[in-house]
Amino acid sequence: MLRVALRPRFLGLLALMIVATIVCGLLAGWQWDRAHRALTDKADGPQQIGDIREVVGVGDAVTNEIVGDIVAVDGRFAAGEQVLVPGRRIEGQDAVIVVTAFLVELEDGTEARLPVARGWLPAEDVTGEDGALDPSLAPAAPEGEVRLSGRLEASESASGGVVDGVAREIATPLLVNEWGSPMYAGYLALDETEAPLTALPAAESQFSRGLDWQNIGYSFQWVAFGVFFLYLWWRSVRTAYRDELDDRREEVERLLAEASGDGPRPGPSAGAGPSDGADSAPSADPAADRSAGADHAAGLAPSGVAPSSRPAPQQNPDKDV
């Protein structure tokens, strides 16, 4: 198998697989470094990273390097663009988060929407007499130009829609259908709120708790890809080696079959006459063969000479009979 592996074709394939493995190793190290940096940064607490327009572009993903950090933004709240997000448990209470669209003016003069989690309320404070959530009971957003500061969070996964001003998650794919685009991919959780709202605790960020492990998982996946490339080369060499063994085995079996007489037999020798073939050919009637053999044996003398070949006894005319 080593001779097969050292052939030029497989050596070239090995070089290609080694390059692919090295690339996978570099990508694995990059993902590991990102996870390590994120864990180190989060251990130091949230960082002030400046204006959101200088940190992340509209529609760009909020990565683990900036999630949970503090950003500032200038703009105004959009009138009538507000939803309630129920189903949260905060400080031992059933909580409802109030999320409002915030209009941010970009450099080209257009406005982009930034979902802002203004705070949370006990669910009973926004529940109507019919037992359903009533968005009109939530406090209205401030009017006019304001400057906000808070934690930059990533969008949650969408598993439902927005019905009557109630959404199951703070998911920008849902909100962009409800409010319009362009929209930032993440949302802002205010660190200071006005009564009766209460600021969201940092632990509510599912993204910041899970993304570090996600990067670590990516690093292991790249390692697995690198090992797979080397396995693919070994499997190719092994397959070629086994195919050659099968071809050799079939050739040996064919030669042994010819040597043992399984092949075509030679015809009669050239010195044999036509009568030899006739005498050696078996009769179609076995009984006739046995009768002919008995007659032939009876006509033979003890010496094995036929009677017709012996001289006849001479008669003595002088002897009286």
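R53 is partly exposed, at 36% relative accessibility, where "partly exposed" denotes the range between buried (under 20% relative accessible area) and exposed (over 50%), computed with a 1.4 Å probe and protein chains only. The model is predicted, so local features need pLDDT of at least 70 and side-chain atom pairs count only at pLDDT 80 or more, whereas totals for chains, interfaces and linings use all residues. Residues are numbered from 1 along each chain as its sequence is written, and side-chain values use heavy atoms, with hydrogens and water left out.

## Salt bridges

The partner of R53 in a salt bridge is D51, with 3.0 Å between the closest N and O atoms. A salt bridge is defined here as a side-chain nitrogen of Lys or Arg within 4 Å of a carboxyl oxygen of Asp or Glu. D51 is buried, at 13% relative accessibility.

Strands are DSSP runs of E with at least two residues, helices are runs of H or I with at least four residues, and both are numbered from the N terminus.

Elsewhere, E251, R254 and E258 are linked in a network of salt bridges.

## Aromatic pairs and a charge over a ring

Rings of Phe, Tyr and Trp (its six-membered ring) pair if their centres lie within 6.5 Å; planes under 30 degrees apart are stacked, those over 60 are edge-to-face and the rest are tilted. The count by this rule is five aromatic pairs. W32 and F220 have ring centres 6.2 Å apart and planes at 80°, so their arrangement is edge-to-face. Because W32 lies in helix α2 (residues 8-43) and F220 in helix α5, the pair ties together parts that are 188 residues apart in sequence. W32 is partly exposed at 47% relative accessibility, and F220 is exposed at 53%.

Y231 and W234 form a tilted pair, with 6.0 Å from centre to centre and 35° between the planes. Both residues lie in helix α5, three residues apart, about one turn of the helix.

R118 lies over the face of F77, at 6.0 Å from the ring centre. The criterion for a charge over a ring is NZ of Lys or CZ of Arg within 6 Å of the ring centre and within 35 degrees of the ring normal.

## A nonpolar surface patch

Y231 and W234 also contribute, with M1, F228 and L232, to a nonpolar surface patch of about 460 Å². Patches are made of residues with over 30% relative accessible area and no salt bridge; like charges are joined within 9 Å and nonpolar side chains (Val, Leu, Ile, Met, Phe, Trp, Tyr) within 5 Å. Areas come from the Shrake-Rupley method with a 1.4 Å probe, and for residues only the protein chains shown count as cover. L232 is located in helix α5 (residues 206-259) and is partly exposed, at 34% relative accessible area. Y231 is partly exposed at 40%, as is W234 at 36%.

## Backbone features

Cis peptide bonds join S181 to P182, with omega about 0°, and A195 to P196, with omega about 10°. P182 is in the loop between α4 (172-179) and β8 (186-190), and P196 in the loop between β8 and α5.

E91, although not a glycine, has a positive phi of about 55°. E91 is in the loop between β2 and β3 (93-105) and is exposed at 63% relative accessibility. D164, also not a glycine, has a positive phi near 55°. The loop between β6 (162-163) and β7 (166-167) contains D164, which is exposed with a relative accessible area of 69%.

## The chain as a whole

The chain contains seven helices and eight strands, and 30% of its 321 residues count as buried.
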